[in-house]
Amino acid sequence: MHRSLVRPFMGARGFSSTSEKIVASVLFERLPVVIPKLDPVVYAFQEFSFRWRQQYRRKYPDEFLDMSKSRQVIYLIQGKGDYQIDYVPAPRITEADKTNDRKSLQRALDRRLYLLLYGDSNAAPSGKPVWHFPEKVYDSEETLRKCAESALASVLGDLSHTYFVGNAPMGHMVIQQMENVPEPFKRFFFKSQVIDTNKFNIRKCKDFVWVTKDELLEYFPEQAEFFKKMIIS
């Protein structure tokens, strides 16, 4: 009898026929809310390009410019432009930046921020609190993304101000058996983004922070290379 060489991937739990533990984690990010500052080299190039174009730009006749000015005068006389807007841009550096308040979303406005929790984690089942992402062990959810949604909802209360990017995980890692990890497991990361809010009621943790990518790497020095490759920002 011919025997298949392909081991079945789908099992009773929906992912594996073995009893290995699978954890869904959420990389919850706030996108930049202001345009990042230009790199000095990029700014210098744009300034050069502008001056170069100015040398060869088309010069319009004076009659055409006078006609344009007269139209503006008529527009103002008709009452359609008799107002003035005093625009004052908001400061790029906020009070949260000055005090390094990592609990606030009102900081690093030109960077992406990521949510980290401090408390019990599947990576440290010994009971010692550690920094980790919102997570949940896959149990009986229909899909692994549903498991990730449950993980984030348990922290935020609901998902009304979130958006999950895609149905597939953005990355995964295998946690090997160690002194504080009695059994190995696989961790799958899903990306979700903050939508239309600047404050959440974070719960079910001892502490939390909103950090940039560079700051995030400080919390996970052993996995820094992995997160450098997974998080593109």
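This is a predicted model: local features need pLDDT of at least 70, side-chain atom pairs count only at pLDDT 80 or more; totals for chains, interfaces and linings use all residues.
Which residues is tryptophan 210 in contact with, leaving aside its neighbours within four places in sequence?

**View 1. Surroundings of tryptophan 210.** Beyond those sequence neighbours, tryptophan 210 is in contact with Phe28, Arg102, Lys103, Ser104, Leu105, Arg107, Leu113, Tyr114, Leu115, Val194, Phe200 and Glu215.

**View 2. The largest nonpolar core, of 25 residues.** Phe28, Leu144, Phe200, Ile202 and Trp210 are the members that touch the most others. Two or more residues each are given to this core by S1, S2, H4, S7 and strand S8 (207–211). H4 supplies the largest share, 7 residues. Another core, of 18 residues, lies apart from it and includes Ile175, Val211, Ala224 and Phe227.

**View 3. Helix H4 (residues 144–156) and its cover.** The end C-alpha atoms of H4 are 19 Å apart, in agreement with the 18 Å that its 13 residues should span at 1.5 Å a residue. Leu144, Cys147, Ala148, Glu149, Ala151, Leu152, Val155 and Leu156 of this helix are buried. Among the elements covering the buried residues of H4 are strand S1 (21–30), strand S2 (113–119), strand S4 (135–137), strand S5 (162–164) and strand S7 (185–194).

**View 4. A nonpolar surface patch on the model.** Phe45, Phe48, Trp52 and Tyr56 make this patch, of about 530 Å². Tryptophan 52 belongs to helix H1 (residues 40–55). With a relative accessible area of 45%, tryptophan 52 is partly exposed.

How values were computed
Residues are numbered from 1 along each chain as its sequence is written. Side-chain values use heavy atoms; hydrogens and water are left out. Helices (H or I, at least four residues) and strands (E, at least two) are DSSP runs, numbered from the N terminus. The expected span of a helix is 1.5 Å times one less than its number of residues. Buried means under 20% relative accessible area, exposed over 50%, partly exposed in between (1.4 Å probe, protein chains only). Contact means heavy atoms within 4.5 Å. A nonpolar core is a set of buried Ala, Val, Leu, Ile, Met, Phe, Trp, Tyr and Cys residues joined through side-chain atoms within 4.5 Å. Patches are made of residues with over 30% relative accessible area and no salt bridge: like charges are joined within 9 Å, nonpolar side chains (Val, Leu, Ile, Met, Phe, Trp, Tyr) within 5 Å. Accessible areas come from the Shrake-Rupley method with a 1.4 Å probe; for residues, only the protein chains shown count as cover. A salt bridge is a side-chain nitrogen of Lys or Arg within 4 Å of a carboxyl oxygen of Asp or Glu.
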